[in-house]
Amino acid sequence: MSVFDIRYRTAVIDGLEVFYREAGDPSRPTLVLLHGFPTSSAMFRGLMAELADAHHLVAPDHIGFGRSAAPPVDAFAYGFDRLAEITLGLLDHLGLDSFALYVHDYGAPIGLRIAAGHPERVTALITQSGNAYEEGFTPFWEVLFAHAKDRAANEPVVRELLEVEATRWQYLHGVPADRLDRVAPDSWLLDQAGLDRPGNKEIQLQLFWDYQFNLARYPEFQEYFRAHRPPTLITWGANDEIFGPEGARAYLRDLPEAELHLLDTGHFALETHGAEIAALVRDFLKRVP
């Protein structure tokens, strides 16, 4: 399959349009791909093309991102609980009763809410810088946690994370010199176009503030790991300055049989190590019961 075979669809969930990409035969095992900040399902376009011969793939845009609805902050309760509810609503709408989850960044607190709440539906986990442990937080988060305590005082600095220089940095930090030419500039420019839409920065500021409440869910997520032992693949940028590699290693405390692969790159590992990650995912999912 090629990227030209990906289908682009929209479903209405709780009165909101949710855009999603779909590839592969729906009769095959499903892999649901959940993106992070500040991107969209576009981050998975290459991976979907690589895996669609053997899997059914579904990659939604979260509300406020990509081509999904982005109501203003006074018209929608932007928070990770609500984003998880919308995502679960989409999976129910599509009749997906059993699926593996691939989570990146924001996709982790969304996907892990679903997994912990419905463990019988999740066949496996794949995490690419999808944090679930306090060890994963780096100095990058200091200003965000300060913003959570005092929004007004810290908002000017936090707003800088929504500008193109910061978006470009997210893609390029930690990338070895010999792989910089693999990072497509349109990736961060597409993300920035989303951030620059009227009202979207206010949406992102609200999600920055709400992120603090994900930490209170970590014990629940970790208990889910221990109790249900989902087969887990960890593919993580060893040089990630947003969610550091200690966050990847921490998974092994509760999931000692998980596969850990630290790659010589940063936060958006698919940009530079897409072929390697696709091969790891393909091999891993072959072994999932």
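Student: Which residue in β8 is the bridge partner of Trp236?

Tutor: Leu262 is the partner of Trp236. Keep in mind that this is a predicted model.

Student: How many bridges join β7 to β8, and do they run parallel or antiparallel?

Tutor: Five bridges join them, and the two strands run parallel. β7 covers residues 232-237.

Student: What is the strand order in the whole sheet?

Tutor: The order is β1-β2-β4-β3-β5-β6-β7-β8. It is an open sheet of eight strands with mixed pairing.

Student: Which strands stand at the edges?

Tutor: β1 (7-13) and β8 (259-263). Each has a single partner strand, so one side of each is left without a neighbour in the sheet. On average, neighbouring strands are turned by 20 degrees against each other, direction ignored.

Student: Which helices pack on the sheet?

Tutor: Helix α2 (residues 80-93) is one of them, touching β1, β2, β3, β4 and β5. The direction of α2 makes about 110 degrees with that of β1. Helix α10 (residues 245-254) also packs on the sheet, touching β6, β7 and β8. The direction of α10 makes about 165 degrees with that of β7.

Student: Back to β1. How many bridges pair β1 and β2, and in what sense?

Tutor: Seven bridges, in the antiparallel sense. Val12, for one, has Glu17 in β2 as its bridge partner.

Student: What is in the turn of that hairpin?

Tutor: Two residues lie between β1 and β2. Asp14 in the turn has a positive phi of about 50 degrees.

Student: New topic. At what angle do α7 and α8 pack?

Tutor: About 95 degrees, with the axes 7 Å apart. The range of 65 to 115 degrees counts as roughly perpendicular, so α7 and α8 are roughly perpendicular to each other.

Student: Which residues make that contact?

Tutor: Gln192, Gly194 and Leu195 come from α7, and Asn200, Lys201 and Gln204 from α8. By class, that is one nonpolar, four polar and one charged.

Student: And the largest nonpolar core: which residues touch the most other members?

Tutor: Leu101, Phe208, Phe225 and Tyr251, out of 60 residues. The largest share of this core comes from α2, with seven residues.

Student: What does Leu101 touch?

Tutor: Leaving out residues up to four places away in sequence, its contacts include Leu31, Val32, Leu34, Gly111 and Ala115. Val122, Ala124, Leu125 and Ile126 are also among them.

Student: What is in the second core?

Tutor: That separate core has 32 residues, including Leu57, Leu233, Ile277 and Phe284.

Notes: Residues are numbered from 1 along each chain as its sequence is written. This is a predicted model: local features need pLDDT of at least 70, side-chain atom pairs count only at pLDDT 80 or more; totals for chains, interfaces and linings use all residues. Side-chain values use heavy atoms; hydrogens and water are left out. Axes are lines fitted to C-alpha atoms, for helices over the stretch in contact, and angles run from 0 to 180 degrees between N-to-C directions. Helices (H or I, at least four residues) and strands (E, at least two) are DSSP runs, numbered from the N terminus. Angles under 35 degrees count as roughly parallel, over 145 as roughly antiparallel, 65 to 115 as roughly perpendicular and the rest as oblique. Contact means heavy atoms within 4.5 Å. Ala, Val, Leu, Ile, Met, Phe, Trp, Tyr, Cys and Pro count as nonpolar, Asp, Glu, Lys and Arg as charged, and the others, Gly among them, as polar. Two strands pair if DSSP finds at least two bridges between them. A nonpolar core is a set of buried Ala, Val, Leu, Ile, Met, Phe, Trp, Tyr and Cys residues joined through side-chain atoms within 4.5 Å. Buried means under 20% relative accessible area, exposed over 50%, partly exposed in between (1.4 Å probe, protein chains only).
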